[in-house]
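Hi there,

Here is the structure I promised to pass along. Please have a look at it first, and then read on for my notes.

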Amino acid sequence: MSHYPRYKKYRPKVYRRSIPIFWWVHKWPHTRFILRELTSVFVAFYVIVLLLQVRSLAAGPQAYADFLAWLQTPLALALHVVAFAMVLYHSITWFSLAPKAMVIRVGRTRIPGWAIAGANFAAWGVFSVILAWIILAV
Amino acid sequence: MPQETITLEVFRYRPEDGPEPVFQSYEVPFRKDWVVLDALNYVKDEIDGSLSYRWSCRMGVCGSCGMMINGEPVLTCAAFLETYLPGPIRIEPLANFPVVRDLVIEMDDVMEKLNRVSPWIIPAEEKPVSEGEYLQTPDELEDFKQYSMCINCMLCYSACPVFGLEPGFIGPAAIALAQRYNLDGRDAGNDHRMEVLSDDEGIWQCTLVGECSAVCPKSVDPAGAIQRYKVTATTDWWKSKLMPWSS
Amino acid sequence: MATHKGKTNEPFWWALFGAGGVFAAFFIPVLLFINGLAIPLGLIEAPSYENALALVQHPLTRLFLFGLISLSMFHWAHRFRFTLYDGLQIKHLNFLVALMCYGTAVVVSIFTVVVLFQV
């Protein structure tokens, strides 16, 4: 006669710890992560400025001169200095993380992360020089 | 004079005593070769037998003894007391998990998630035993070996802020485990696992904080596994939209 | 028949995020430095209006600018959307947040096309 013991499932009264709203200020790696994500705001900021600069070109020489004058105001310069730091941080973190998504193996050895990141940084340098030449040599 | 004792501040939660946890201080001998687990065992043997915690191999291969030490998820069998001089050392249960009692957490959720990714070889065709074994070159083993090193210690879930905020997130270890099979030459289950992984509660909640890989004691690099899978899933998605006739 | 088993459309947005991130990483720092810092501070002479206009009017430039601006906006949209979810824990507003983010990117992209035609 099967008379297996009937166990009542143990449901412990668990304690749940909550996460503070600003969880990312408590640990530096988390703060650094949020800063990295916020670089995208400055990426968007600059492409909008660029768009407005192109629009001023379309509007005529006076509009273009006005825009160049705006770029020289203290507010614009301050925004651009901050934005420059942030977009640099975007590029540095982006290329440093590239090896995580790109795993290339030759035989048994994996191309080391620094080589993939290095290639990206090198390409960044080349593209920057090319773009600078296009804008300035014109 | 060299330090002879060190203080542990241990998270105690006993539901029968009350709904709120407390911290209890214990003074344990300081020995150069002791790890935090040795100190906890000393507490349980000599001071307070009521302390509850998980441990097993005490050498970093079973994954049982994960706890928060001074706010960082570590294996207590690998954390030397010397690292935390002069103390006190704050010991809490693994973050982002419900606490059952003292330092013991409820991990049913993660156990279910590990199972959800079908962590076994799904061959293209069932081969009868009489046909012999699968052959695999060392190069093919290299493709997935790193992801097979996971000891299910769940430090990565503790470190992942997304898992803390969204308990439904399938999480780093589960995705790394899926990759261990996806990248195994004997396996043909990529499509099958895609349904579970390429989901709003799958890989797409990950924002590459990267803390999971930073705390992993076995260098599994789950963050890398997840990023690679994002590329795989995205390529698969675009192929299905742009070239639906392909296989 | 190639089907994607996952039921989500996230791969669409992630691809735009990735492409935008690549474009932004390679091209924005130098453009920002030259146009936003070097020229206004007088380190480099500004191109004349005629030269600048001619450069922008070139079809390749228009294509490049559209790609850079639009993809960078979608990069921001996707990243900012998740930052709002995780940073401020407003995931329950997810439809509104997604609409605001991707919607802004779409609007700016359309505006970019309009401007590039006017130039």
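Let me start with chain B: among its contacts with a separation of 6 or more, 66% join residues 24 or more positions apart. Here two residues are in contact if their C-beta atoms, placed from the backbone, lie within 7 Å. Please keep in mind that this is a predicted model, where local features need pLDDT of at least 70, side-chain atom pairs count only at pLDDT 80 or more, and totals for chains, interfaces and linings use all residues. Residues are numbered from 1 along each chain as its sequence is written, while chains are lettered from A and ligands numbered from 1 in the order in which they are written.

Chain B has nine helices and seven strands, taken as DSSP runs numbered from the N terminus (helices are H or I with at least four residues, strands E with at least two). Its C-alpha trace spans about 75 × 40 × 35 Å along the principal axes. Of its 247 residues, 43% are buried, meaning that 20 or more other C-beta atoms lie within 10 Å of the residue's own.

Now to the interfaces. Chain B meets chain C with 23 residues, against 15 residues from chain C. On the chain B side, the elements giving two or more residues are α5 (161-165), α7 (190-197) and α9 (222-242), and α9(B) has the largest share with eight residues. That side divides into 10 nonpolar, six polar and seven charged residues. In this scheme Ala, Val, Leu, Ile, Met, Phe, Trp, Tyr, Cys and Pro are nonpolar, Asp, Glu, Lys and Arg are charged, and the others, Gly among them, are polar.

The contact between chains C and A takes 42 residues from chain C and 44 residues from chain A. On the chain C side, α1 (10-38), α2 (49-57), α3 (59-88) and α4 (94-118) each give two or more residues, with α1(C) giving the most, 15 residues. By class, this side of chain C has 30 nonpolar, 11 polar and one charged.

Finally, a helix pair within chain C. The axes of α1(C) and α3(C) come within 7 Å and cross at roughly 120° (axes are lines fitted to C-alpha atoms over the stretch in contact, and angles run from 0 to 180 degrees between N-to-C directions). Residues making this contact include Trp13(C), Phe17(C) and Phe27(C) of α1(C), and Leu71(C), His75(C) and Arg79(C) of α3(C). The contact has 12 nonpolar, six polar and one charged residues.

Best wishes

Methods. A residue is buried if 20 or more other C-beta atoms lie within 10 Å of its own, exposed if 12 or fewer, and partly exposed in between; C-beta atoms are placed from the backbone.
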